[in-house]
Amino acid sequence: MKAAVPHCTGLKGALTERLLLPGTLLGTLSLTVYALQCSRRPYKIIYYEIGIIICAALGLLFVVLMPLVGFFFCLCRCCNKCGGEMHQRQKRSGPFLKKCYTISLLVICVFISIGIIYGFAANQYMRTRVEETRKLSDSNFNDLRTLLNVVPGQIDYILDQFTHPKEKAFDDLDNINSLVGDGIYEHLKPKVLPVLKDIKDLAKDMKANRDTLVQVNTVLTDVKHSSAYLRTSLRDVKTSMEQTLTDPQCSFPAVAPTCNSIRKSLSVLDDSANFDHLPSLDGHITQLDGLLQTDLSSLVQKANESLSNIPEEVQNQTRDFITEFKKTLNSIQSDVKNISTKIPIQKTLSSFVRYINNSEDYILHYLPTMEECDSYRWLVCLVVCCLLTLILTFYLLGLLCGTLGYDQNATPTRRGCVSNTGGLLLMVGAGFSFFFSWMAMTTVVLTFVAGGNMEKLVCEPYRNKKLFQVLDTPYLLNEDWKYYLSGLVLNKPDVNLTFEQVYSDCKENKGLYATLKLDHIYNVSEQLNITKHTGDINSNLENMNIRIEDIELLDKTGMKTLMDLRSSGIDDIDYAAYLNATERSPTRVNLISFANDIQRKANQLPSGRLKTSLKSHADTLINIHQNQVIPLQNSMSTMNKQMKTLHYRTSGLKVRVSTTIFFLNSTQDFLTSQLSKIVVEESKQFGSKIISYFEWYLQWVEMTITQQFAACKPAATAVDSAVNVFLCSYIVDPLNLFWFGMGKATMLLLPAVIFAVKLAKYFRRMYSEDVYEDDPVNKVQSKPRVQTVPGVQTVPMVQTVPMKNMRHANSRARAEQGTQTI
């Protein structure tokens with residue numbers, strides 16, 4: 001690789017300083033030419049230059065030949081050749097040719113004027129933009145200085161953001177009771193609380209069942225007493241009615257059927273509700289009283305309090321740990337802030353600042369010279385534009401005067417002064433074209449070579465980034481360095497750092513650290529190693545020993561109470577017997593209906609003691625119903641509802657208690673075996689949350705420094721301003737527009753000269769003309785007449801001849817014509 005470019009060594013030394021000044025025109029051109037010459041592809045130069053060389057050669061040929069042609073053309077006309085004779089042959093196509101010459105010259109003048117306008121505009125535009133170069137340069141250098149000046153502040157700002165994760169960590173440490181303790185509580189709650197709730201519900205139901213049993217037992221005693229009293233009352237009424245029916249009046253045929261009917265119906269009063277077969281509930285009540293001696297609700301409340309106290313216990317156990325851990329975080333913050341002192345930012349920035357200052361001094365030193373040179377260029381180009389404008393003015397005035405002063409009825413020797421002036425102006429324009437066009441073409445060739453080369457070798461390769469590819473060729477700019485930019489910036493020429501990559505990254509406003517691969521100088525990733533900084537945090541969190549004492553959900557007494565409740569037999573009570581007994585009516589018949597029936601039958605009897613006695617018994621039955629049956633029914637209804645409620649609560653009591661005991665034992669085993677693991681897990685989650693703050697921060701710092709820190713878009717903007725804006729837009733584009741416009745105008749002078757010379761014959765006043773006589777004799781007289789023109793040398797006139805002999809007459813006239821004025 002190094003041996004392939006030996007021819008570059010001499011050129012390298014001469015361009016070293018200019019290569020370090022890419023903001024200057026000379027530096028850019030030198031850099032491009034040097035790169036192309038050393039790119040190991042010389043045919044590319046020929047490819048770029050062959051067209052420019054050919055065009056420049058043609059331009060130089062124009063510069064040489066145009067004055068020579070003009071010189072010989074003048075000599076030829078002085079010898080009455082090349083249209084120099086002041087005699088115009090009249091032709092049938094003369095008017096048509098004049099119109100064609102006029103229109104052609106006018107069109108050419110229009111195109112020449114467009115080219116001159118381009119030249120004036122480009123010349124003034126370039127002048128104006130060059131005057132703005134200082135402002136453009138100052139703006140870009142200020143942006144670069146601003147970029148470098150904010151870098152230390154950006155580093156300090158980034159490192160100062162450590163306060164935010166530290167404050168979050170402090171807040172979490174101060175709220176460790178809720179973050180860790182509540183976490184443990186929430187983890188245990190789904191398993192423990194349902195069991196405690198079941199036990200609490202059993203205790204509540206046990207107390208409610210005992211109260212219900214007491215109430216049922218009381219009602220049962222009342223019902224038994226009331227039913228016995230009701231039977232006695234009904235038996236007495238029945239006996240009394242039977243005695244009443246033994247009255248002699250019942251033997252009467254009219255009364256006997258009624259008495260017999262009443263006597264048969266008395267059988268419904270024999271059997272009434274009997275509750276003596278229902279056993280007393282005193283045994284069950286006594287058993288529940290014994291179970292209620294153990295307050296299961298208070299035991300459950302105690303277990304709940306043990307769970308609720310977990311956050312407070314965590315807070316108490318970690319008080320010393322939190323204090324030490326805060327000290328560790330403060331120490332880590334100090335270490336992070338000290339990173340700014342380890343980064344060689346000042347050294348790197350000082351080199352960049354020195355480079356910027358040198359570039360600015362170089363530009364400011366040569367900028368006045370460049371402005372002075374540009375003023376000379378502007379003046380030369382302005383003179384050239386003015387000369388072409390002068391030529392164009394002669395042509396346009398010649399066309400104007402010739403066209404306005406032309407009289408088609410006047411003979412060539414009698415043309416007016418205005419028309420003759422127009423012809424003379426056209427000839428003056430043609431003479432000036434020969435005299436000044438080579439100057440214009442010289443300017444065009446110079447601007448074309450400069451503008452074309454800069455466009456092809458700098459601007460176009462810069463826009464498609466091929467220029468960067470050439471500059472990035474290994475060992476090109478320095479035969480000892482593989483990559484020039486990495487050797488210049490990092491002092492490590494083997495690092496793959498290219499101009500194209502740096503420019504593209506800066507164009508995307510990426511950070512200088514990643515763009516220039518400064519990790520080869522100072523590796524931020526290693527200094528901000530998350531494991532390194534979080535290792536102290538992890539070690540401190542491992543010392544956070546939280547111990548939660550085993551939680552006893554229910555003691556042995558409570559457990560024995562549940563076992564006794566399961567075997568209490570409350571659910572074995574014969575609820576069907578109680579419910580059947582209480583759902584029956586206290587009497588076999590409705591006493592009100594029965595009493596009404598007795599009264600109705602008694603009303604059928606004749607008045608007497610029998611009738612009166614029966615009505616009295618009916619009233620007694622109604623009285624029994626109201627005073628005994630209805631209260632008994634109410635008591636039975638109350639007892640029925642209570643037994644149903646009791647049956648509902650005690651239904652499946654054994655299974656329910658057994659299930660509760662099973663889950664109680666299971667949960668207690670879970671607490672015994674898993675509580676410590678849950679504590680450790682919650683502690684680790686808390687520690688991971690604390691660490692995540694610092695991991696996120698350190699990752700953010702690394703990402704910010706490597707990607708967003710010191711965004712280098714101003715550098716790309718400065719390069720664009722130097723090459724794309726200043727060189728290409730301010731200089732190359734107007735320079736190319738100038739040579740394009742002026743070159744077109746200069747080249748169009750050639751046909752303009754031809755048409756002007758041709759057209760001048762139709763505008764100028766001739767010394768002689770073709771004259772025709774009225775006699776159409778086909779011969780020439782021996783003594784031709786001579787027509788004189790005042791103030792002009794006398795010349796012999798040609799005799800009038802027919803059109804077919806005009807050629808001979810013209811030949812004879814030329815032989816007799818004296819010396820003519822061109």
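Q: Hi! Which residue does the side chain of Asp174 meet in a salt bridge?
A: Hello! In this predicted model, the partner of Asp174 is Lys326, and the N to O distance of their salt bridge is 2.8 Å.

Q: Nice. Where do Asp174 and Lys326 lie?
A: Asp174 lies in helix α6, residues 163–174, and Lys326 in helix α12, residues 319–337. The pair therefore ties together parts that are 152 residues apart in sequence.

Q: And how exposed is Asp174?
A: Asp174 is partly exposed, at a relative accessible area of 42%. Lys326 also falls in the partly exposed class, with 21% relative accessibility.

Q: At what angle do α6 and α12 pack?
A: The angle is about 180 degrees, and the axes of the two helices are 11 Å apart. Angles over 145 degrees count as roughly antiparallel, so that is how α6 and α12 run relative to each other.

Q: Which residues make that contact between α6 and α12?
A: From α6 you have Thr163, Lys166, Ala169, Phe170, Leu173 and Asp174. From α12 come Phe321, Ile322, Phe325, Lys326, Leu329, Asn330 and Gln333.

Q: How many nonpolar, polar and charged residues does it have?
A: The contact of α6 with α12 has seven nonpolar residues, along with three polar and three charged ones.

Q: Back to salt bridges, then. How many are there by this rule?
A: The count comes to 19. One of them joins Asp247 to Arg609, where the N to O distance is 2.3 Å.

Q: Where do Asp247 and Arg609 lie?
A: Asp247 is in the loop between α7 (176–244) and α8 (256–265), while Arg609 is in helix α25, residues 609–650.

Q: Is Asp247 buried or exposed?
A: Asp247 counts as buried, because its relative accessibility is 11% and the buried class is anything under 20%. Arg609, on the other hand, counts as exposed at 58%.

Q: What about Glu460, which residue does it form a salt bridge with?
A: That would be Lys456, with the closest N and O atoms 3.3 Å apart. Both residues sit in helix α15 (residues 417–463), and being four residues apart there, they are separated by about one helical turn. Glu460 is partly exposed, with a relative accessible area of 31%, and Lys456 is partly exposed too, at 34%.

Q: Which residues are linked in a network of salt bridges?
A: Arg127, Glu131, Asp374 and Arg377 are linked that way.

Q: Changing topic: where is Asn140 found?
A: Asn140 is in helix α5, which covers residues 133–160. With 9% relative accessibility, Asn140 counts as buried.

Q: So which residues is Asn140 in contact with, leaving aside neighbours within four places in sequence?
A: Those are Thr717, Ala718 and Ser721. Pro714 is worth a look as well: its C-alpha atom is 7.3 Å from that of Asn140, though the two are 574 residues apart along the chain.

Q: Let's zoom out. How many helices and strands does the protein chain have?
A: There are 29 helices and two strands. Of the chain's 822 residues, 45% count as buried.

Q: Last one: among contacts between residues at least 6 apart in sequence, what percentage join residues at least 24 apart?
A: For the protein chain, the figure is 86%.

Key:
Residues numbered from 1 in each chain as written. Predicted model: local features only at pLDDT ≥ 70, side-chain atom pairs only at ≥ 80, totals over all residues. Heavy atoms only, no water. Buried < 20%, exposed > 50% of the residue type's maximum accessible area, 1.4 Å probe, protein only. Contact = heavy atoms within 4.5 Å. Salt bridge = Lys/Arg side-chain N within 4 Å of Asp/Glu carboxyl O. Axes fitted to C-alpha atoms, helices over the stretch in contact; angles between N-to-C directions. Parallel < 35°, antiparallel > 145°, perpendicular 65-115°, else oblique. Nonpolar A, V, L, I, M, F, W, Y, C, P; charged D, E, K, R; others polar.
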